[in-house]
Every structure is written in C-alpha cells, then in structure tokens.
Amino acid sequence: MVGATAAAPQDRGAGTSQTTARTDAPVLATVTFTVNGERRTLDLDTRTSLLDAAREHLHLTGSKKGCDHGQCGACTMIVDGRRINACLTLAIMHQGAEITTIEGLGQPDQLHPMQAAFVKHDGYQCGYCTPGQICSGVAVLEEIKAGIPSHVTVDLNAAPRVTEAEIRERMSGNICRCGAYSNIVEAMTEVAGGQA
C-alpha cells in the first residue's frame, strides 16, 4: 500500500512479554566438499548458494551469475557427476560432494577437449555463458553415454545416440544470448566423436 506506515505494536496486556527474533544475525554452518580436486572447508551463512560459495568464498569466478533463478544456465557446475544450476542450491546441501567448476576442467595450457572444441568451433561470442555451456556440455555427453534418455529420445529401450536433436534438447537449459547454438552443437559433436 503506497504511503502506508507500519502500525505500532499493540500492548498485549500486563505481564505478557513480546519477543522478536533477530533476523540480522546469520546462522553459520561448516561445510566441507572437494572442489576441482581440492578439499575445501568453509564456514558459511546457511543461506549461501553453491554459486556464491564458489565465487565469493573460494574466488572461483568462472561460473557466472546470470539470472539467479535457474533459467539461464550460466552458473552450471558438475556436482557428483551431474550438472546443476549452482544458483538454485545451497552450499550446505553438498557436504562431502565432489564439485567441478570450469576452472577444474582445464587450464589455458592444457584445455579440456570440450574447451578446445569450443575454441575451434567458435562456440562462444561474448563468453559470459561459456563456462556454464562447457560444464553442461561435458555432463550432457556423460548422460548420453550412461544411457539416460531425454524428452526427444525416440526409443527408450535403446541407448540414446549423440544427435543434434539430443544435444539441443539437453542443452536447452543453457541460454546463449549471442546465439552461438549451432557452433556449440558442432563442438559437442566433435568431442563425442560423431556426426550429429
């Protein structure tokens, strides 16, 4: 309501105590996980997302905060072998987890095959979404290899194949505002060793 002011607390009668919970003091928890092969222990506000833990506490800034609503995929990390939107999960939910960020996949002098393919096929434009695209791409190929079907898998009794339709469907949660989608498909197809 525009122009409204909060009502003053009413007297609840003599002898009644009114206590208010403090909301400004964070509740801290200790969390230990392995990030890019290194065991890390952090004391975090229990409301800290995995993305913020990586970026603000571990200074791993490759994963990007794009939308903070799980809609763009810029924050994608690989946790215990599965890709997740790190902005949507709390760090304390991953006690003991094995976490891989873009920094853990490869380095400039020794690129991961997916990173090298993105460079070769120009699978990036501005580069903002690229860390999430690459982490997701690595995990997508593992999903297909593991036989996990997608919405476009034709035969649920057969192993899924690396096709353009499979790649596009599985990567649909990773948005590239520059529109490098066909180049991303080419890069992923090369890493998979096939023709999509």
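Reader: Which residues of helix H1 (residues 50-57) are buried?

Author: An α-helix has 3.6 residues a turn, so residues three or four places apart point the same way. In H1, the buried residues are Leu50, Leu51, Ala53 and Ala54. Buried means under 20% relative accessible area, exposed over 50%, and partly exposed in between, with a 1.4 Å probe and protein chains only. Helices (H or I, at least four residues) and strands (E, at least two) are DSSP runs, numbered from the N terminus.

This is a predicted model, in which local features need pLDDT of at least 70 and side-chain atom pairs count only at pLDDT 80 or more, while totals for chains, interfaces and linings use all residues. Residues are numbered from 1 along each chain as its sequence is written, and side-chain values use heavy atoms, with hydrogens and water left out.

Reader: What do the buried residues of H1 pack against?

Author: Their partners are S1, S2, strand S3 (76-79), strand S4 (82-85) and strand S5 (98-100). Just after H1, His59 has a positive phi of about 60°.

Reader: Where does Ser49 lie, and is Ser49 buried or exposed?

Author: Ser49 sits in the loop between S2 and H1. Ser49 counts as buried because its relative accessibility is 8%. Apart from neighbours within four places in sequence, Ser49 is in contact (heavy atoms within 4.5 Å) with Ala86, Cys87, Thr89, Leu90 and Ala91.

Reader: How much space lies in the largest pocket?

Author: Rolling a probe the size of a water molecule over the atoms shows where empty space is left. A pocket is found on a 1 Å grid over the protein atoms alone: an open set of points where a 1.4 Å probe fits, with protein on both sides within 12 Å along at least five of seven lines; lining residues have an atom within 4 Å of a point. Grid points are joined across faces, edges and corners, and a volume is the space filled by probe spheres set on the points. Here the largest pocket holds about 160 Å³.

Reader: Which helices each supply at least two residues of its lining?

Author: They are helix H2 (102-105), helix H3 (113-120) and helix H4 (130-145). H3 gives the largest share, three residues. Among the lining residues are Ile102, Gln107, Phe118 and Ile134.

Reader: What is the mean pLDDT of the protein?

Author: pLDDT is the predictor's confidence in each residue, from 0 to 100. The mean is 91, and 87% of the residues reach 70 or more. Over residues 1-7 the pLDDT is below 50, and this stretch has zero contacts in the model beyond near neighbours in sequence. Where pLDDT is low, the predicted coordinates should not be read in detail.
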